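Me: I would like to learn how to read a protein structure, one feature at a time. Could you walk me through this one?

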Amino acid sequence: MRSHLLAWVNAGGLNSKDLSIRLPLASLSQLAGLLPEPKLQAALAELDARLYSPQQNSAYNGQNLLALLKEQQRQSGKTETQRAVLYPH
């Protein structure tokens with residue numbers, strides 16, 4: 001799950017030019033450190049802790065993380081659209 005999430009982000013999945021200058025990311029903690037949303041940072045930290053946990057607990061529910069990522073993607077897209085209007089080529 002971690003590798004797929006990082007691959008998605010590294011491929012531009014969050015539509016954020018602010019992230020692209022720091023790509024490629026190698027860890028979820030790197031990603032969390034670049035995001036402004038505390039809830040998303042916490043959800044990524046929870047996932048990372050679960051994945052590194054010595055317990056084999058596969059009961060992780062990623063719906064909260066998915067919803068937060070979608071919201072971040074939506075907000076990033078809005079910001080970039082606003083930038084394009086303010087700074088046309």
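**Reading the model together**

Reply: Gladly! Keep in mind that this is a predicted model.

Me: What does the secondary structure come to, and which pattern does the protein follow along the sequence?

Reply: The protein has 5 helices and 0 strands. Read along the sequence, that gives α-α-α-α-α.

Me: How do I read the nonpolar core, and which residues touch the most other members?

Reply: The general idea first: in soluble globular proteins, nonpolar side chains tend to be buried together. Here the largest nonpolar core holds 18 residues, and Leu-5, Leu-31, Leu-44 and Leu-65 touch the most other members. Two or more residues come from each of α1 (2-10), α3, α4 and α5. The largest share, 4 residues, is supplied by α4.

Me: Which residues is Leu-31 in contact with, leaving aside its neighbours within four places in sequence?

Reply: Leu-31 meets Val-9, Leu-14, Leu-19, Leu-25 and Leu-44.

Me: How do I tell whether a residue such as Asp-48 is buried or exposed?

Reply: Look at relative accessibility: under 20% is buried and over 50% is exposed. Asp-48 has 16%, so it counts as buried. Asp-48 belongs to helix α4, residues 38-52. Setting aside residues up to four places away in sequence, Asp-48 touches Arg-2, Leu-28 and Ser-29.

Me: And Gln-72, buried or exposed?

Reply: Gln-72 counts as buried because its relative accessibility is 13%. Gln-72 lies in helix α5, which covers residues 63-86. Not counting residues up to four places away in sequence, Gln-72 touches Leu-14, Leu-35, Pro-36, Glu-37 and Leu-40.

Me: Where is Ala-26 found, and is Ala-26 buried or exposed?

Reply: Ala-26 sits in the loop between α2 (17-20) and α3 (28-34). With 61% relative accessibility, Ala-26 counts as exposed. Ala-26 and Arg-2 are 24 residues apart in sequence, and their C-alpha atoms are 9.7 Å apart in space.

Me: How are aromatic rings described, and how many aromatic pairs does a search of the whole structure find?

Reply: A pair of aromatic rings is described by the distance of the centres and the angle of the planes. In this structure the search finds 0 aromatic pairs. There is a ring to look at, though: the charged end of Arg-2 sits over the ring of Tyr-52, 4.3 Å from its centre.

Me: What about the protein as a whole: how much of it is buried?

Reply: Of the 89 residues in the protein, 26% are buried. The protein exposes about 6,100 Å², with 55% of that supplied by carbon and sulfur atoms.

Note on methods: Residues numbered from 1 in each chain as written. Predicted model: local features only at pLDDT ≥ 70, side-chain atom pairs only at ≥ 80, totals over all residues. Heavy atoms only, no water. Buried < 20%, exposed > 50% of the residue type's maximum accessible area, 1.4 Å probe, protein only. Contact = heavy atoms within 4.5 Å. Phe/Tyr/Trp six-rings, centres within 6.5 Å; stacked < 30°, edge-to-face > 60°. Lys NZ or Arg CZ within 6 Å of the ring centre and 35° of its normal. Core = buried A, V, L, I, M, F, W, Y, C linked by side-chain atoms within 4.5 Å. Areas by Shrake-Rupley, 256 points an atom, 1.4 Å probe, with all protein chains shown as cover.
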